[in-house]
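This briefing goes through the structure shown below by topic.

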Amino acid sequence: METITISQSPQHVGETVRIGVWLTDKRSSGKIAFLQLRDGTGFFQGIIRKNNVDEETFELAKHDLHQETSFYVTGEIAEDKRSKFGYEIHITDIDVVGTSDDYPIGNKEHGIDFLLDHRHLWLRSRKPWALMRIRSRVKLATMEFFNKHGFTQFDAPILTGSAPEGTTELFETDYFDQSAYLSQSGQLYGEAGAMALGRIYTMGPTFRAEKSKTRRHLMEFWMIEPEMAWMHEDENEEIQEQYVAYLIQDLIDHCPLELEMVGRSVESLKPFTELPYPRVTYKEAIKMLQDGGLDVKYGDDFGSPEETYLADQFKKPVFIKNYPKEIKAFYMPTNPEDDREVICADLLAPEGYGEIIGGSERAYDYEYITSKLEENGLSKENYGWYDDLRKYGSVPHSGFGMGLERFLAWVTLQDHIRENIPFPRMLNRLNP
Ligand code: 4AD
Ligand code: MG
């Protein structure tokens, strides 16, 4: 007899097979019991009839199987037109592997703190299952997309001696007789990679010691950071929109069941696969916000209400271009059309999800970068290597960073990004 997975059932209709499963729920009446089963690859129902099995097995199913008991189930696979999955198993034998009594998560409403305290178990539930499958798929599609576009994957270090996006948000740790910081961004290393390999992307965890408790902030989040040599901002934005549209189309094609399980309709995603996305300058955005009655002036950074308002005007992701220097990072070049500004763009997601990508052209003039490093108190000792990239064969280059959980929260319509990562790290949560 073959051992299969739930996901392989369509290929085994009419056959007797064995599957390793966990029980998620059950109900029984006199002569029949319905067992809701999961095995990691999917969910389906097992049916056990008193007159198909021996007395002992039927009693075991009725009394000894509890939520999350693990067992091998043997039976015949059949089509089940009533369930979404479309298949079920008619059980002939059960072989318990691990008992489970008083499983803490029931099939009822629990508060979010309780669920996060039990995240190691909560991951077994349906919605986390769907969210983790979508996350995994997006990482795979990321690799496919950048591979197709001639990028090399490149790994930036996590322990660093420096802080590219500002020094207040760093986690500091002992590194023998000196201090090290957990990386906030792989970008600067990515720039070195682009000078060696042309087009690279990093995909890894990044850390921000921001004391923010918003729905969009994690202390540890994953970022995808492409960096391209010989590229200006216009082309940078084209790659960004192609990438986002590719990810969405890939989910529509490969994860329709998971999307439905998290309450995101495929129809509602389709418009986001249509390019181009609109582009608005920061100046135009300020005007739109003022016209809309929001209290902003030139020079202000945008918070969540401003980002939501702007994206709402387009019902699509929208690029906001060329922000004032003061609110952006030191490596962005001056806008030749207005020297108060830098050449950059943030991509704002619609439906209230705000910034999902931050990107820019990178200043590549040696004198300019040297003066910027000095201005920002970034020492030669720590950043001399970054300066070297401008000293030896500097070329125009651009890149961006997409927050994986920000993107996922949007496409899965989550109120908070904490459910889009297996074990979220938040202001007051480091466990489990
Ligand atoms: O805008 P940020 O800070 O840009 C950078 O770090 C650049 N070095 C990226 C680059 O050009 N290579 O962050 C980029 C993205 C944001 O748009 C957001 O999606 C995400 O990272 N992000 C966060 N996600 C979750 N929690 C946080 N605390 C985040 N901070 C930024
Ligand atoms: Mg940003």
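Two strands count as paired if DSSP finds at least two bridges between them. Helices (H or I, at least four residues) and strands (E, at least two) are DSSP runs, numbered from the N terminus. This is a predicted model, in which local features need pLDDT of at least 70 and side-chain atom pairs count only at pLDDT 80 or more, while totals for chains, interfaces and linings use all residues. Residues are numbered from 1 along each chain as its sequence is written, chains are lettered from A and ligands numbered from 1 in the order in which they are written, and side-chain values use heavy atoms, with hydrogens and water left out.

**Three-stranded sheet**

- One open sheet has three strands in the order β8-β10-β9, and its pairing is antiparallel.
- β8 and β9 are the edge strands; each has a single partner strand, so one side of each is left without a neighbour in the sheet.
- β9 (residues 172-175) and β10 (residues 178-182) run antiparallel and are joined by four bridges.
- Across this pair, Y175 stands opposite Q178 in β10.
- The two strands make a hairpin with two residues between them, and F176 in the turn has a positive phi of about 55°.

**Eight-stranded sheet**

- The other open sheet described here contains eight strands, ordered β7-β11-β12-β19-β18-β17-β14-β13, with mixed pairing.
- Its edges are β7 (152-153) and β13 (279-281), each of which pairs on one side only.
- β13 pairs with β14 (residues 318-321) in the parallel sense, over three bridges.
- In this pair T281 stands opposite K321 in β14.
- β17 and β18 run antiparallel and are joined by six bridges; the bridge partner of L348 in β18 is E355.
- The hairpin of β17 and β18 has four residues between the strands, and E351 takes a positive phi near 65° there.
- β18 also pairs with β19, in the antiparallel sense and over six bridges.
- Here R362 stands opposite H397 in β19.
- β18 is mostly covered, as seven of its nine residues are buried. Buried means under 20% relative accessible area, exposed over 50%, and partly exposed in between (1.4 Å probe, protein chains only).

**Helices on the eight-stranded sheet**

- Helix α6 (residues 233-254) lies across β11 (199-207), β12 (220-229), β13, β14, β17 (344-349), β18 (354-362) and β19 (397-403), and runs at about 30° to β19.
- Helix α13 (residues 404-411) packs on the sheet as well, touching β12, β17, β18 and β19, with its direction at about 55° to that of β19.
- Contact means heavy atoms within 4.5 Å; axes are lines fitted to C-alpha atoms, for helices over the stretch in contact, and angles run from 0 to 180 degrees between N-to-C directions.

**Surface patch**

- L159, Y175 and F176 form a nonpolar patch on the surface, with about 370 Å² of accessible area together.
- L159 belongs to strand β8 (residues 159-160) and counts as partly exposed because its relative accessibility is 44%.
- Patches are made of residues with over 30% relative accessible area and no salt bridge; like charges are joined within 9 Å, nonpolar side chains (Val, Leu, Ile, Met, Phe, Trp, Tyr) within 5 Å. A salt bridge is a side-chain nitrogen of Lys or Arg within 4 Å of a carboxyl oxygen of Asp or Glu.
- Accessible areas come from the Shrake-Rupley method with a 1.4 Å probe; for residues, only the protein chains shown count as cover.

- N322 sits in the loop between β14 and β15 (334-335) and is buried, with a relative accessible area of 13%.
- Leaving aside neighbours within four places in sequence, N322 is in contact with Y282, N335, E341, V342, I343 and C344.
- N322 and A345 are 23 residues apart in sequence, and their C-alpha atoms are 6.0 Å apart.
- E56, in helix α1 (residues 55-63), counts as exposed at 67% relative accessibility.
- E56 and I357 are 301 residues apart in sequence and 59 Å apart in space, C-alpha to C-alpha.

**Whole chain**

- The chain has 13 helices and 19 strands, and 50% of its 432 residues count as buried.
- Its C-alpha trace spans about 85 × 55 × 40 Å along the principal axes.
- Of the contacts in the chain with a separation of 6 or more, 66% are between residues 24 or more positions apart.
- The accessible surface of the chain is about 20,100 Å², and 48% of this belongs to carbon and sulfur atoms.
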